[in-house]
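Here is a short report on one protein chain.

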Amino acid sequence: MGGRVEYIEYQRLVQAKIEKIVLAAYTVYDLWMTYVAIKGGFGSAYILIFNMGLFIGWLIYAGRRKTYYFRAMVISCMIQAAVVSYVIQMPGLVRSLSLYLTMIILLGLYGIPEIFYTTLVSATVMIVYHVFLWVNEAANDSAGSMHLLLQVVSVYFVEYIMYSLVKKQRDANEQLLKTIVDLKEAERIKNDFLSNVSHEIRTPVNTICGMSEILLREEISEEEKDGITKMQNAGRNLMSIVGDILDFSELHSEKFGLAEETYNITSTINDVINMTLAKKSEKNIELIVECDADIPSALVGDEQKIRRVILNL
């Protein structure tokens, strides 16, 4: 669940940047279209359409109203209304085709395939208008008709390519999110398993160490005492390993913490010594313990972790 939340939060940051990029680019084009409209005498209605769409777009973005999908659909419709209005006023489709294709690519940044359903409608409106205009002006120009047909095919081809790319990217993102969630769930199951197994192992090992301690207090032979001591040391070594597994699972589940309890540092050091005595002969080392006499015997802290720190050292 945590992976899904992190991924969604990351997506929100990316989406906010995309919205800002689209609106910034649209602002530049809108100012340019407004300038051309004023110089070309398009009429106040077209200038109003250009600037109203820009104003509403920034207003929706600043207010973070509704969802990202809703904002993207509304802003894309506003942009298309402005661009189509501009293209209709331009004499000929070829002159304004680059602007429309730029708009298609710009809207593709939203990563929403459904936007291209609306661009398909706006492209059809733009093309139908210019086709009828071309038929009325140059019905007998076969070369011009073929050139216009090529431009029409190019528009729909770019629409299809952008739609396919955006849909493929969205499907990939959804698959990535599913993979992240599955990995997080697998990690959680693994950590729960390690934690449960570690706790189950601690009980019998503690029993073995406790029973061996009782046996060492009895009147037994040196050979038996040596065997029981080795058994006790092996149990304590196993307890140390179990503790490391618990720490590992706690670290990965972000539940790692330090206990605060009163413990005897002398007893802790003695336990470490007893745990290492079994390995002393194997590794041919000399073990020297030197403790400051001013250290209090009773301290407050996590005795289990301190024992493992000293053992590792």
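## Terms and fold

Helices are DSSP runs of H or I with at least four residues, and they are numbered from the N terminus. The model is predicted.

The chain has nine helices and two strands. From the N terminus, the order of elements is α-α-α-α-α-α-α-β-α-β-α. Of the 313 residues in the chain, 31% are buried.

## The cavity

Rolling a probe the size of a water molecule over the atoms shows where empty space is left. The count comes to one cavity of 30 Å³ or more. The largest cavity holds about 70 Å³ of space.

Which residues line the largest cavity? They are Tyr26, Tyr29, Ile79, Val83, Leu99, Thr102, Met103 and Leu106. H1, H3 and helix H4 (93–108) each supply at least two residues of this lining. H4 gives the most, with four residues. By class, the lining has seven nonpolar residues, one polar and no charged.

## The largest pocket

The largest pocket holds about 560 Å³ of space. Its lining counts 20 residues. Gln11, Gln15, Gly111, Arg170 and Asn173 lie nearest the centre of the pocket.

Helix H1 (2–40), helix H3 (68–89) and H6 each supply at least two lining residues. H6 provides the largest share, seven residues. The lining of this pocket divides into 12 nonpolar, six polar and two charged residues.

## Salt bridges

How many salt bridges does a search of the whole structure find? The search finds four. One of them joins the side chains of Glu114 and Arg170, at 3.2 Å from N to O. Glu114 lies in the loop between H4 and helix H5 (115–137) and Arg170 lies in helix H6, so the pair ties together parts that are 56 residues apart in sequence. Glu114 has a relative accessibility of 21% and counts as partly exposed. Arg170 is partly exposed too, at 27%. Arg170 is also among the residues nearest the centre of the largest pocket.

Another salt bridge pairs Lys167 with Asp171, with the closest N and O atoms 3.5 Å apart. Both residues lie in helix H6, four residues apart, or about one turn of the helix. Lys167 is partly exposed, with a relative accessible area of 33%. Asp171 is partly exposed at 35%. Lys178 and Asp182 meet in a salt bridge as well, at 3.1 Å from N to O. This pair also lies in helix H6, four residues apart, about one turn of the helix. Lys178 has 48% relative accessibility and counts as partly exposed. Asp182 is partly exposed, with a relative accessible area of 40%.

## Surface patch and a helix contact

A nonpolar patch lies on the surface. Met146, Leu149, Val153, Phe157, Tyr160, Ile161 and Leu165 form this patch, with about 740 Å² of accessible area together. Phe157 sits in helix H6 (residues 142–216). Is Phe157 buried or exposed? The relative accessible area of Phe157 is 52%, and the cut-off for exposed is over 50%, so Phe157 counts as exposed.

Ile245 belongs to helix H7 (residues 222–252). Its relative accessible area is 30%, so Ile245 is partly exposed. The C-alpha atoms of Ile245 and His199 are separated by 10.0 Å. Along the chain, Ile245 and His199 are 46 residues apart.

How values were computed: Residues numbered from 1 in each chain as written. Predicted model: local features only at pLDDT ≥ 70, side-chain atom pairs only at ≥ 80, totals over all residues. Heavy atoms only, no water. Patch = residues over 30% accessible without salt bridge, like charges linked within 9 Å, V, L, I, M, F, W, Y side chains within 5 Å. Areas by Shrake-Rupley, 256 points an atom, 1.4 Å probe, with all protein chains shown as cover. Buried < 20%, exposed > 50% of the residue type's maximum accessible area, 1.4 Å probe, protein only. 1 Å grid on protein atoms, 1.4 Å probe; cavity = no way out; pocket = protein on both sides within 12 Å on 5 of 7 lines; lining within 4 Å. Points joined across faces, edges and corners; volume = space filled by probe spheres on them. Nonpolar A, V, L, I, M, F, W, Y, C, P; charged D, E, K, R; others polar.
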